[in-house]
Each structure stands twice: as C-alpha cells, then as structure tokens.
Amino acid sequence: MRIKDFPEEELLLPGNAACQGCPSSMALRLALKALGRNTLLAVIASCTSVLQSPFPATAFDLPVLNMAFATGGATGSGLAAAVERLMKKGVYRERPTVLVWAGDGGTYDIGIQSLSGAAERNADFIYVCYNNEAYSNTGTQRSGATPYAAWTTNTVKGKREWRKDVAQIMVAHGIPYVATASLAYPTDLFEKFTRAKGIRGTRYIEILAPCPPGWKFPSGHTVKVARLAVQTGLWLLYEHREGITTYTAGTQRIIHGKARRLPVEEYLKAQGRFRHLFYPERDEERIAEIQRRVDRVFETLEFTHRLKQHIMDIEMLPPR
Ligand SMILES: Cc1ncc(C[n+]2csc(CCOP(=O)(O)OP(=O)(O)O)c2C)c(N)n1
Ligand SMILES: [Mg+2]
C-alpha cells in the first residue's frame, strides 16, 4: 500500500473548523479513507466535536452522532446493537462499521469504565483514541495521557506523574485487535484501519496526535513531531492480535537494528511544552530519567527480538 493508492473520496471535508496543522483532523481523514463511506461515526466530546464546524454546517459527509464525554464505550455498544438488529431486519445490504472517535481525556480518564465494559462484552465497534496528551478543546489541561515533565495549564512546572498506557490496558482485556499508530507513518495507519475493519468485536486503535497550540510548536511541524516521537522511542508502533504483538514501521526498524534510535532530547526540544527542561538551565535529571525509561523498554524489545532470531536459527539446523 502506498499513499497514492489511498481512496480519493473525502469524508472529512475541507474548510472545517480545525486549527492549522490539527493532527486530529488529519488522523480522522485517513481513518475514514480506510473505512469508507459505510461507516457510522460517533464523536465523543473533544476537539473533534468542534472541528466539524458550527451547526448547521458540517464537515462530515457521513452519519454522525455527537455524544457526551464519558460515553464512548456505551455509545459504541448501543450502535453495535442497533446495527445487529437492522442487519437482521434486512435494512442494511452491507454491515456498516461503527467508529467511536474520542480524545485521550475521554478515553484515559472519564470514559475508561464505559470502554472497559464494552471491551469486556466484546461489543462490535472500532474505538479510536486520538491522543493529543491533554484536554485540548478546553485549553490544554493535563490528562492521564499527558507525559512526565510536560507543561499543561495545570502542570506549569511539568507533570510529576508518568502517563498510563491504555493501549496495554486494552490488550489486557483480550479484545481481538489493539494497535497504535502515528500520522508520520500514514500507510501503517491506513493498513491498521483496514485490518481492524475486517475483524468483528471490540477493536482499539490509539493515534498519537501532536497538537501545535497545546504542545507549542509551529503548525507546520505536526508530522515531524509525530515522527520524532517514534524515532526517539517515546511512541511505540505495534499491533496486537491473537495474543501476539507485532511491532511495525519505524519502531520495528529500530528493534531490528535497521534504524538508529534518536536521543529523547530531539523530541523534547522540538516542543515548547518541555521548554523548562532546557531553559533557563538544563534539567539533566528529568531529561536523563525520560531517556532511561525509553532505554529500558528498548533493551527488552531488542533482547526479545534477538532471542527469537536465535531460536529460529537453531531450529533451522539439521537434526543431530
Ligand atoms: C462531563 C463533562 N465534563 C467536561 C466537559 C467539557 N469538555 C468538553 S471536551 C473536554 C476535553 C476533552 O479532552 P480530550 O478527550 O483529550 O479531547 P481533546 O479536546 O484533546 O480533543 C472537556 C473537559 C464535558 N463536555 N462533559
Ligand atoms: Mg486530548
């Protein structure tokens, strides 16, 4: 799959109310290209509620349900049940895909019980968390997804806690598909949505969404910042199916030794929300702590990869 093979049809129309360089609109545009017109979109209170344009205008060329902040999982469950009923009644010729689109605040914090319940019931929908690591719509407050040391309006000296990992929490639910994605790897993102579409049950995809006003970088740098997150190892790209995790795209290249992992500093320095780590003086301790965390994760990933290669090499040997 190459970018030029993506469908030309636009389901998120231009001229919408998104900020310049908005990652959420880019992610949604790509996701809808992969899922196609036969999709029922549920938007959970977030920037996406706003970027679709003020009523009665709309930037979505497909059916949309705007829902309350805590309701992602319940909304997905309800729509899935309705689709099931209408399929039985013969209303649909082809089963529509239910897509729930929520932010990190709506997923990591207020919506997690509803999502967990739906996942435990294996309700039939795709849940996307576009993770801009803050409550962006209301002016950049911290969420459970905000990373350690990042500035937000209520973590002015940098967040003291480490972020939690909802993608792994979803893996622990044993649902049929979990994936992480990045705007900087659009074919990887597109393919993950295509695969998710072909599976039934609860599917969870989380997309890192660097937010220019919230993370404080120029609006032309969204994709560059998204790429740096992967290149420094701070954002892992993978998919998890049937108990097996496969690392993909830029993350896979690092683990396989085909690309060099960049120092976390390159990512941190590209964003004003980490400025206090470098000015007025360098905060060696916090920078080193962030680097150490990533190093430890990659030591394990690279060791596991080498071990697998080694076992495969041994198994290829002729029997003695
Ligand atoms: C129960 C409730 N509390 C607060 C709000 C106000 N509110 C709307 S969107 C939002 C932040 C959403 O953050 P996130 O889910 O990360 O999406 P983003 O704005 O970053 O796209 C808040 C607090 C609300 N709609 N409902
Ligand atoms: Mg957010």
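Modeller: Quick ground rule: helices (H or I, at least four residues) and strands (E, at least two) are DSSP runs, numbered from the N terminus. This is a predicted model, where local features need pLDDT of at least 70 and side-chain atom pairs count only at pLDDT 80 or more, while totals for chains, interfaces and linings use all residues. Residues are numbered from 1 along each chain as its sequence is written, chains are lettered from A and ligands numbered from 1 in the order in which they are written, and side-chain values use heavy atoms, leaving out hydrogens and water.

Colleague: What makes Glu289 and Arg292 a salt bridge?

Modeller: The term asks for a side-chain nitrogen of Lys or Arg within 4 Å of a carboxyl oxygen of Asp or Glu. Here the N to O distance is 2.5 Å, so the pair qualifies. Both residues sit in helix H12, 3 residues apart, about one turn of the helix.

Colleague: Why is Arg292 called partly exposed?

Modeller: Its relative accessible area is 41%. Buried means under 20%, exposed over 50%, and partly exposed is in between (1.4 Å probe, protein chains only), so Arg292 falls in the middle class. Glu289, at 21%, is partly exposed too.

Colleague: What makes the contact between ligand 1 and Asn132 polar?

Modeller: A polar contact is a pair of N or O atoms within 3.5 Å; within protein, one must be able to donate a hydrogen and the other to accept it, and residues adjacent in sequence count only if both atoms are side-chain atoms. A polar side-chain atom of Asn132 lies 2.9 Å from an oxygen of ligand 1, so the pair passes. Taken alone, ligand 1 exposes 580 Å² (Shrake-Rupley, 1.4 Å probe; for residues, only the protein chains shown count as cover), and the protein buries 71% of that.
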